[in-house]
Amino acid sequence: MARTLAARWGWVVAAAASACSSEDPGVSLDLGLVHQQPSTSLPGLPRSLSGPNGLAITVTRGWVNVGAVEIFACPPSAFRQLLGALDPIGVARAHTPGSPTKIGVPHVDDLARPDGQPIDFGTLTPPAGTYCQAKVSIDAADGDAVGLPPSSVVPMNGNSVWIEGFVNPPGGGAEQDFTLTSAVEADGQVPFVSSAGSASPIALTSAGTARSARVVLRYDRWFDSIDPRDSGAAAALVSAIAQTLEVHAE
Amino acid sequence: MFSEGQYRTESSGTPQDGGSSIEEWSLSFGGSYSFTKTIALSVTVPVLFRTMNQFDLSTTRSTNLGDVEAVAKFVLWRDRDFNSRHLFSLLGGIRFPTAPTQYDAQGQPLNTDIQAGPGSWWGIFGASYYGRLVGALSLYASAMAYVPTEGRQGLKPGVSGRGTLWLQLQPWNWLSVRVGSDARLEGVWHENGEVSPDTGGFIAFFSPAILISPATDWVIQVAAKVPVVNHLTGVHTEGTYASLSLVVDL
């Protein structure tokens with residue numbers, strides 16, 4: 001009797017312990033990084049841009065380090081805010097650099113790549129919700145940055161941007177070379193927009209929803225008000241890159 | 001020989017830091033054997049059925065062998081050889097890292113919260129007292145320490161101390177009622193040398209139970225553990241434990 005019972009229990013244990021697992025995906029947002037301008041699509045360098053006062057600027061080499069992308073849920077409705085205020089149980093709202101709403105792995109974008117060709121920046125698995133904005137950080141690259149060019153090509157390590165080119169003055173005259181490098185850092189917090197430019201919040205509200213978005217470096221607008229020959233142009237350029245970037249929902 | 005089915009829930013973390021909630025059904029099988037009047041050994045083999053829900057709406061399910069535990073009991077002192085009224089024992093044992101690591105479809109280890117064990121060896125040390133008080137009233141008290149080694153994937157559980165205090169009233173041979181408390185004080189866990197958030201702390205439960213003996217040598221126990229003091233670290237809660245167990249004296 002005892003042996004029979006023990007043997008039966010042994011079989012039950014063995015059957016129950018047959019390891020297995022399964023996963024049902026939740027929501028996810030795949031992020032890409034591109035540089036592009038709306039009117040044309042260039043296969044690479046050089047890129048001709050317009051500066052202030054009719055200045056013709058040609059970029060011959062360029063790198064930009066995007067250090068982090070963080071997404072933000074749309075503000076709660078007034079009704080939900082009221083409910084939250086009435087909730088007697090406080091909820092900790094911690095935040096960490098490696099949170100489900102932030103990718104902090106730096107990626108260096110090489111302007112020699114064709115327009116519109118995305119770099120895979122990573123995939124977020126954020127809490128379910130509808131997301132309206134993203135904060136994109138232009139940071140100094142470190143040695144672990146994805147796509148960091150070899151130092152023999154350009155010493156990008158420690159710099160946020162490295163742009164080389166030349167300027168053709170509006171009234172004619174000799175080309176003037178420039179090199180803009182800076183370790184200055186800047187953030188741009190922008191709404192998700194459609195490719196047409198209208199606001200386009202990303203709804204990640206049901207299990208299995210997988211969306212994507214692209215961080216767009218609008219290089220055609222970087223020199224709208226910057227003369228690369230001016231002192232302080234490099235730091236101003238970092239700020240301009242952050243202020244002109246867009247995030248397209250797809 | 002015994003078997004126990006148990007249900008419990010646990011949640012930790014916030015939406016911002018990748019928190020999760022666990023629902024666990026477990027089935028434990030085991031046996032206990034007295035070699036002499038003073039030495040006994042019990043072995044428990046758990047099988048865990050876990051479902052983990054995360055704030056990104058993903059769900060992961062796992063069925064797996066848990067960590068097998070063997071505990072020896074050495075009766076240090078008893079007031080008399082037969083029908084003892086007071087027993088004081090020392091306890092010592094090992095919890096083995098028998099829970100295998102589970103992987104996702106891409107071959108990556110699943111979240112540590114869904115794994116059936118951390119991969120640690122645990123030393124178990126403790127003492128217990130059983131006393132028959134007045135009439136049909138008895139008391140059981142124990143204090144145990146669980147001391148782990150480092151587990152897999154850089155995971156190091158915290159040392160924990162566990163205490164039990166039960167009062168049992170047996171008005172008839174076939175029925176007992178038990179009330180008491182179980183408590184656990186646990187150090188924080190570490191992952192790759194870093195403190196793992198929302199781990200460790202103190203929790204105490206109110207632990208009622210009903211024991212029914214439908215036949216000689218058979219005992220059925222229906223028990224619960226209701227958390228009454230929750231000082232677990234960070235954002236971490238445990239729900240009520242409910243269990244049904246059967247003990248057969250072979």
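**View 1. Strands β2, β13 and β14 of chain A are joined by bridges in this predicted model.** Strands β2(A) and β13(A) run parallel and are joined by eight bridges, and within this predicted model one of the residue pairs to look for is A:Gly32, whose bridge partner in β13(A) is A:Arg214. On β13(A) there is also pairing with strand β14 of chain A, residues 246–249, where four bridges join two strands that run antiparallel. Among the elements of chain A, strand β2, residues 28–35, has the highest mean pLDDT, 97, whereas helix α1, residues 2–16, has the lowest, 62. Over residues 88–97 of chain A the pLDDT is below 50, and this stretch has 12 contacts in the model beyond near neighbours in sequence.

**View 2. Helix α3 of chain A packs against several strands through its buried residues.** The helix covers residues 233–244 of chain A, and its 12 residues, at 1.5 Å a residue, should span 16 Å, which agrees with the 16 Å between its end C-alpha atoms. Its buried residues are A:Ala234, A:Ala236, A:Leu237, A:Val238, A:Ala240, A:Ile241 and A:Ala242. These residues pack against β4 (56–73), β8 (129–138), β9 (161–168), β10 (176–182), β11 (186–193) and β13 (210–217) of chain A.

**View 3. The largest nonpolar core has A:Val161 among the residues that touch the most other members.** This core holds 53 residues, of which A:Leu31, A:Val161, A:Val215, A:Leu237 and A:Ile241 touch the most other members. When residues up to four places away in sequence are not counted, A:Val161 touches A:Trp63, A:Val64, A:Leu180, A:Thr181, A:Ser182, A:Leu237, A:Val238 and A:Ile241. Another core lies apart from the largest one and consists of five residues, among them B:Leu48, B:Leu65, B:Ala99 and B:Ala116. In soluble globular proteins, nonpolar side chains tend to be buried together.

**View 4. A:Leu204 is a buried residue of strand β12 in chain A.** The strand spans residues 202–204 of chain A, and A:Leu204 counts as buried because 25 other C-beta atoms lie within 10 Å. Leaving aside neighbours within four places in sequence, A:Leu204 is in contact with A:Val27, A:Leu29, A:Pro126, A:Ala128, A:Gly129, A:Tyr131, A:Thr209 and A:Arg211. A:Leu204 and A:Thr125 are 79 residues apart in sequence, while their C-alpha atoms are 9.6 Å apart in space.

**View 5. A cis peptide bond leads from A:Leu45 to A:Pro46.** The omega angle of this bond is near -5 degrees, and A:Pro46 lies in the loop between β2 and β3 (47–50) of chain A.

**View 6. Three strands of chain B form an open sheet in the order β9-β12-β13.** The pairing in this sheet is antiparallel, and β9 (155–156) and β13 (194–195) stand at the edges with a single partner strand each, so one side of each is left without a neighbour in the sheet. Two bridges pair β9(B) with strand β12 of chain B, residues 190–191, and the bridge partner of B:Lys156 in β12(B) is B:His190. The loop between β8 (137–148) and β9 of chain B contains B:Gln153, a residue other than glycine with a positive phi near 55 degrees. B:Gln153 is partly exposed, with 13 other C-beta atoms within 10 Å.

**View 7. Two further loops of chain B hold B:Leu57 and B:Trp174.** B:Leu57, in the loop between β3 (39–54) and β4 (59–65) of chain B, has a positive phi of about 75 degrees although it is not a glycine, and this residue is buried, with 20 other C-beta atoms within 10 Å. B:Trp174 has its place in the loop between β10 (160–172) and β11 (175–186) of chain B, and it counts as partly exposed, with 13 C-beta neighbours inside 10 Å. Leaving aside neighbours within four places in sequence, B:Trp174 is in contact with B:Ile212 and B:Ser213, and its C-alpha atom is separated by 7.9 Å from that of B:Ala215, 41 residues apart along the chain. The mean pLDDT of chain B is 95, and 100% of its residues reach 70 or more.

How values were computed: Residues are numbered from 1 along each chain as its sequence is written. Chains are lettered from A and ligands numbered from 1 in the order in which they are written. This is a predicted model: local features need pLDDT of at least 70, side-chain atom pairs count only at pLDDT 80 or more; totals for chains, interfaces and linings use all residues. pLDDT is the predictor's confidence in each residue, from 0 to 100. Two strands pair if DSSP finds at least two bridges between them. The expected span of a helix is 1.5 Å times one less than its number of residues. A residue is buried if 20 or more other C-beta atoms lie within 10 Å of its own, exposed if 12 or fewer, and partly exposed in between; C-beta atoms are placed from the backbone. Two residues are in contact if their C-beta atoms, placed from the backbone, lie within 7 Å. A nonpolar core is a set of buried Ala, Val, Leu, Ile, Met, Phe, Trp, Tyr and Cys residues joined through C-beta atoms within 7 Å.
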